[in-house]
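User: I have a chain on screen and want a quick tour. Please keep the answers brisk.

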Amino acid sequence: AYRESVLPSAITKRVAIEAGIADFWFKYVGLNGKIIGMTTFGESAPAEELFKMFGFTTENAVKTAKELLA
């Protein structure tokens, strides 16, 4: 009941943003959702560069959400 109240099954266009490994979120966003997250391990650089490289930017989050709604 709690999961349904937070992630209603009627809502299938979901975006998850995870500044870590993305694998965990696939079960929550479903087949119609998108995940902005890391898919590799061991990258080393200043956080600002890594966030940009992995798409953790406002612009990418907005673009990803708009793609789902199009």
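Analyst: Exposed means over 50% relative accessible area, buried under 20%, and partly exposed in between (1.4 Å probe, protein chains only). This is a predicted model: local features need pLDDT of at least 70, side-chain atom pairs count only at pLDDT 80 or more, and totals for chains, interfaces and linings use all residues. Residues are numbered from 1 along each chain as its sequence is written, and side-chain values use heavy atoms, with hydrogens and water left out.

User: Where is Thr39 found?

Analyst: Helices (H or I, at least four residues) and strands (E, at least two) are DSSP runs, numbered from the N terminus. Thr39 sits in the loop between strand E2 (34-38) and helix H3 (47-53).

User: Is Thr64 buried or exposed?

Analyst: Thr64 has its place in helix H4 (residues 58-69). Contact means heavy atoms within 4.5 Å. Leaving aside neighbours within four places in sequence, Thr64 is in contact with Val15, Lys34 and Ile36. With a relative accessible area of 7%, Thr64 is buried.

User: Which residues are in the largest nonpolar core?

Analyst: A nonpolar core is a set of buried Ala, Val, Leu, Ile, Met, Phe, Trp, Tyr and Cys residues joined through side-chain atoms within 4.5 Å. Met38 is in contact with residues including Phe54 and Phe56. The largest core has five residues: Ile36, Met38, Leu50, Phe54 and Phe56.

User: In what order do the elements of the protein chain run?

Analyst: The protein chain has four helices and two strands. From the N terminus on, the order is α-β-α-β-α-α.
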